[in-house]
Amino acid sequence: MRHGGGEIRGGYITGAVAAKILLRQGHACAICGAVLEEGQTHFDHIVPVICGGRHTSGNMHALCIHCHHRMMLLFRDWFARRKKA
Ligand SMILES: [Zn+2]
């Protein structure tokens, strides 16, 4: 399947897309607003890929390590419960 003008390939974010997202967020974490330092920035999907989210900068946001970790735990928990149901 081919997507025209895809910004992100194979789930990996490019430097240009990362810069675009950081600029959009003013270099602040999307959840807690902490200043994102280089090397401490995690990029995450707003709508998870398994839920139909797309690999575009519009569906990505930058989080600090703490928020990303918390989101992963929340999501893992939610997904585990969803699978059982
Ligand atoms: Zn944060």
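This is a predicted model: local features need pLDDT of at least 70, side-chain atom pairs count only at pLDDT 80 or more; totals for chains, interfaces and linings use all residues.
Let me start with histidine 27, which, once its neighbours within four places in sequence are left aside, is in contact with Leu22, Val35 and Leu36, where contact means that the C-beta atoms of two residues, placed from the backbone, lie within 7 Å. Residues are numbered from 1 along each chain as its sequence is written.

Histidine 27 sits in the loop between α1 (15–25) and β1 (41–45), and here helices (H or I, at least four residues) and strands (E, at least two) are DSSP runs, numbered from the N terminus. Is this histidine buried, exposed or partly exposed? Histidine 27 counts as partly exposed because it has 15 C-beta neighbours inside 10 Å; by the definition used, a residue with 20 or more other C-beta atoms within 10 Å of its own is buried, one with 12 or fewer is exposed, and partly exposed lies in between, with C-beta atoms placed from the backbone.

The protein has two helices and two strands, running α-β-β-α from the N terminus on. β1 and β2 run antiparallel and are joined by five bridges, where two strands pair if DSSP finds at least two bridges between them, and alanine 62 in β2 is the bridge partner of phenylalanine 43. β2 is largely enclosed by the rest of the structure, because five of its five residues are buried. Met60, Ala62 and Cys64 point one way from this strand, whereas His61 and Leu63 point the other way.

Which residues make up the largest nonpolar core? Ile21, Cys29, Leu36, Met60, Ala62, Leu63 and Cys64 do, seven residues in all, a nonpolar core being a set of buried Ala, Val, Leu, Ile, Met, Phe, Trp, Tyr and Cys residues joined through C-beta atoms within 7 Å. Strand β2 (residues 60–64) gives the largest share of this core, four residues. Leaving aside neighbours within four places in sequence, the contacts of alanine 62 include Ile21, Cys29 and Leu36.

Finally, helix α2 (residues 65–84) is hardly covered, with one buried residue among its 20. Across the protein, buried residues make up 11% of the 85 residues.
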